[in-house]
Amino acid sequence: MDKTQKVGVCYFGSHKRDYSRNNIIRKGLLQNGIEVIDCSSRCNVMLRSLVLIFKFLKIFKKIDVIIVSEMSHAAMPCAKLLALIFRKRIIFDPLISAYDTIVEDRKLIKKGSLLSKIILQLDKACMKMSDIVIADTEEHAEYFSKQMGIKENKIKVIPVGADTDIYYPSKTEFNGNQKFSVLFQGTYIPLHGIRYIIEAAGHLKDKEDIHFILIGKGQEYDEILAKSNKMELENVTFLPMLSQSELREQINKSDLCLGIFGETNKAKRVIPNKVYQYLACSKPIITGESQAVRKLLQHEENVYFCEMANAEALSRAILALKRDVHLRGEIARNGHDLFLNHFTPNHIGGKFSEVIYSALN
């Protein structure tokens, strides 16, 4: 099939419609001339397959490819059945490995337990059911290949990016900050390494003109809050989860934004949403140096790296950028240029459309 022919894809699964990954891909595909039809359900898992089948039967004549959306592993058997019946190709964009996330990173289930082995086998089965598997970084692609037994030529890498309708530099100059504002936002999962941010805040608590703002809530929130209280940190403010427009405003008000610093293996493989969002807002970024992020960004050009899982290194990096206004500006401008040239929805959609055409051919 050539690019002059109209292509329709079914966006299939249990995705949240406002989640950044699928939002960016769907918007980007539309910008690249591919029709996207949503076929999703977040109802009871026992009924979900029936709902998805019913919805698909209404649209299958318009569909050339089924895209199984991020974290929709449970929908893959249903997608595979429909693909076999109606002779459609399946592209699976898992974004994460369920095993890596639940067992290895968050340690919610004991490694080596029967349940952990079942999750691993389900992970493998879902990826093997698809015709093409999408990974967001080369490191994730390597992990999928080695851990899940997926052939390398079956895996395509498409970065996350950020939605330029939501994240962009503010046209308003924020000159009201009485203190140097250091921002982190996230869901408090282990790979974020938030305890190192809190420890860095502890190292800098005598610097009265530096203030940390931590936005979000999640697995380690109570532990982090307790740690901050125990350290009697008056230079840290905790904010709840915000709407994306409110989050953009907080990012744009900040002087410096923080990525991830965890010591888990997954932390070394990911480039999280927040990093792309900071780039889109033209903000200077400090993040832990990992193999994945080194392939995207360069130290003191469009990011400032520090050692992962090292609070002292993070506090030194914050001080270095606070002192060097020129370097902060250069990192912010260069990072924004990089984003505009490679990671907008249009660019992400272009990469994904290439994968779709290759699947059809």
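**Reading the model**

Modeller: This is a predicted model. The secondary structure of the protein comprises 14 helices and twelve strands.

Biologist: How do you know whether the radius of gyration agrees with that of a compact globule?

Modeller: The rule is 2.2 Å times the number of residues to the power 0.38. For 361 residues this gives a value near 21 Å, and the protein has 21 Å, so the two agree. Along its principal axes, the C-alpha trace spans about 65 × 50 × 35 Å.

Biologist: What share of the residues counts as buried?

Modeller: Buried means under 20% relative accessible area, and 55% of the 361 residues count as buried. The protein exposes about 16600 Å², with carbon and sulfur atoms supplying 50% of that area.

Biologist: Which residues touch the most other members of the largest nonpolar core?

Modeller: They are F12, I66 and V68, in a core of 34 residues. Helix α3 (residues 76–86) gives the largest share of this core, five residues. Another core lies apart from it, with 32 residues, including I198, L204, I210 and F261.

Biologist: What makes a residue a contact of V68, and which residues are in contact with V68?

Modeller: Contact means heavy atoms within 4.5 Å. Leaving aside neighbours within four places in sequence, V68 is in contact with F12, M76, A79, I90, I91, F92 and D93.

Biologist: Among contacts between residues at least 6 apart in sequence, how many join residues at least 24 apart?

Modeller: In this protein, 73% of those contacts do.

Technical notes: Residues numbered from 1 in each chain as written. Predicted model: local features only at pLDDT ≥ 70, side-chain atom pairs only at ≥ 80, totals over all residues. Heavy atoms only, no water. Core = buried A, V, L, I, M, F, W, Y, C linked by side-chain atoms within 4.5 Å. Buried < 20%, exposed > 50% of the residue type's maximum accessible area, 1.4 Å probe, protein only. Helix = DSSP H or I, 4+ residues; strand = E, 2+ residues; numbered from the N terminus. Areas by Shrake-Rupley, 256 points an atom, 1.4 Å probe, with all protein chains shown as cover.
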